[in-house]
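Here is a friendly walk through this model, written for someone opening it for the first time. Please keep the 3D view beside you as you read the points below.

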Amino acid sequence: MSTAISNPLALIAELTHRCPLHCVYCSNPLELQNRANELTTETWSRIFREAAELGVLQADLTGGEPLARTDILELVRAARAAGLYVNLITSGMPLDEARLAKLMEAGLDHLQLSFQGTTEEIAADISGTKSHAQKLRVLEWLKRVRVAVTLNFVIHRNNIDQIEQMLALAESSSTTRVEFANVQYYGWAFANRERLLPTHAQLDRSIETLKSAQERLRGKIRVEYVVPDYYAKYPKPCMGGWGRKLMLITPTGEALPCHAAQIIPGLQLPPSKNFAAKTGCKNPAKPATAASKISAVAAAKPCSSPATQPLPIPSAR
Ligand code: SF4
């Protein structure tokens with residue numbers, strides 16, 4: 001039996017944990033890294049080149065908020081120069097039309113804009129910041145540039161009944177793809193899951209709506225959705241199977257097979273300055289068992305009671 005591992009196709013580059021928003025479902029780890037520990041422009045540029053040499057086709061520049069990096073234009077340029085398709089995954093917060101134009105000049109191919117809901121009230125409730133009006137402005141600017149656009153709605157108990165309005169927002173924009181990603185309960189979301197997890201009835205209603213939207217918008221907008229593992233018939237393969245499609249580099253340079261791998265007890269992550277030796281493609285880290293994954297999640301910070309305590313929120317400097 002062959003033990004060869006194919007190269008991942010996409011590199012998720014977590015450029016920073018810093019973000020102007022503080023979403024209670026953020027997939028950042030509970031221990032956030034500060035700016036001083038982030039990889040430099042030069043190191044990321046080398047990572048992009050080495051990733052391309054390994055066969056990676058796409059760089060997903062994410063965070064935290066990747067636009068919090070003052071060198072974001074250089075990083076987009078470097079990823080493009082390495083021959084990668086460049087996707088910026090952003091909240092749209094530290095952005096204006098002039099900066100968007102500069103990102104386009106630097107070689108941006110695709111922009112994914114995340115939404116917390118369809119009203120300022122829900123967005124502020126989830127992220128602790130008024131951000132919805134700015135996101136609507138970004139949607140207008142995106143209509144005026146040649147860039148592929150994905151809208152990402154993170155779905156939870158308080159916005160799952162707004163899916164029709166979310167679809168209407170997508171249809172009024174230049175997007176050709178919209179993701180309805182139910183919160184996945186790791187990290188901050190696990191800590192806040194009592195408040196975020198929709199009911200089974202809410203989820204069933206939303207899936208009916210999304211299925212009929214997929215039919216109605218076929219050929220115009222691709223509608224995708226992810227259900228929470230809690231209600232899935234079977235747990236989904238993490239990241240579509242470790243290292244098969246994607247790999248992730250953290251702001252400080254750890255190479256991971258998925259967003260949450262660092263909380264898996266006993267997982268040895270190879271400490272290295274050399275990207276190729278850290279990818280898991282040539283020197284795979286010993287995979288954790290399903291049981292150890294479950295115990296890792298169970299050992300994470302227990303859920304706070306929304307009635308009596310402020311929700312834990314992510315915040316990095
Ligand atoms: S989930 Fe919210 S807080 Fe976390 S990186 Fe995205 S926008 Fe920022």
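**Notes on the fold**

1. Two strands are said to pair if DSSP finds at least two bridges between them. The strands and helices themselves are DSSP runs, numbered from the N terminus, with helices (H or I) of at least four residues and strands (E) of at least two. Within this pair, Leu88 has Leu111 of β4 as its bridge partner.

2. Before going further, a word on the model and its numbering. The model is predicted, and local features need pLDDT of at least 70, side-chain atom pairs count only at pLDDT 80 or more, while totals for chains, interfaces and linings use all residues. Residues are numbered from 1 along each chain as its sequence is written.

3. Now for the overall picture. The protein chain holds 11 helices and 9 strands. Contacts are counted when the C-beta atoms of two residues, placed from the backbone, lie within 7 Å. Among contacts between residues at least 6 apart in sequence, 78% join residues at least 24 apart.

4. In what order do the 9 strands of the open sheet lie? The order is β7-β6-β5-β4-β3-β2-β1-β8-β9, with mixed pairing. At the edges stand β7 (222-226) and β9 (255-256), each with a single partner strand, so one side of each has no neighbour in the sheet. As background, strands of a sheet pair through backbone hydrogen bonds, either parallel or antiparallel.

5. Ala13 takes part in both pairings, standing opposite Leu61 in β2 and opposite Ile249 in β8. Leu11, in turn, faces Met247 in β8.

6. Strand β3 (residues 85-90) is also largely enclosed by the rest of the structure, since 5 of its 6 residues are buried. It runs parallel to β2 through 4 bridges, and Val86 of β3 is the bridge partner of Ala59. Between β2 and β3 the chain passes through helix α2 (residues 72-81) in a right-handed β-α-β crossover. Right-handed here means that, with the strands pointing away from the viewer, the path from the first strand over the helix to the second runs clockwise. Right-handed β-α-β units are also made by β1, helix α1 (residues 41-54) and β2, and by β3, helix α3 (residues 97-106) and β4.

7. What does helix α2 pack against? Its buried residues pack against α1, β2, β3 and α3; those residues are Ile72, Leu75, Val76, Arg77, Ala78 and Ala79. After α2 comes Gly83, with a positive phi near 95 degrees. In the loop between β2 and α2 you will find Gly64, and the peptide bond from Gly63 to Gly64 is cis, with omega near 20 degrees.

8. Asn182 is in strand β6. Is it buried or exposed? Asn182 is buried, because 25 other C-beta atoms lie within 10 Å. Beyond its neighbours within four places in sequence, Asn182 is in contact with Ile155, Val226, Val227 and Pro228. Its C-alpha atom is separated by 8.2 Å from that of Phe153, 29 residues apart along the chain.

9. Which of the 13 residues around the ligand come nearest? They are Cys19, Leu21, Cys23, Cys26 and Ser91. A residue is near a molecule if its C-beta atom, placed from the backbone, lies within 6 Å of it. The shell divides into 5 nonpolar, 7 polar and 1 charged residues, where Ala, Val, Leu, Ile, Met, Phe, Trp, Tyr, Cys and Pro count as nonpolar, Asp, Glu, Lys and Arg as charged, and the others, Gly among them, as polar.

Key:
A residue is buried if 20 or more other C-beta atoms lie within 10 Å of its own, exposed if 12 or fewer, and partly exposed in between; C-beta atoms are placed from the backbone.
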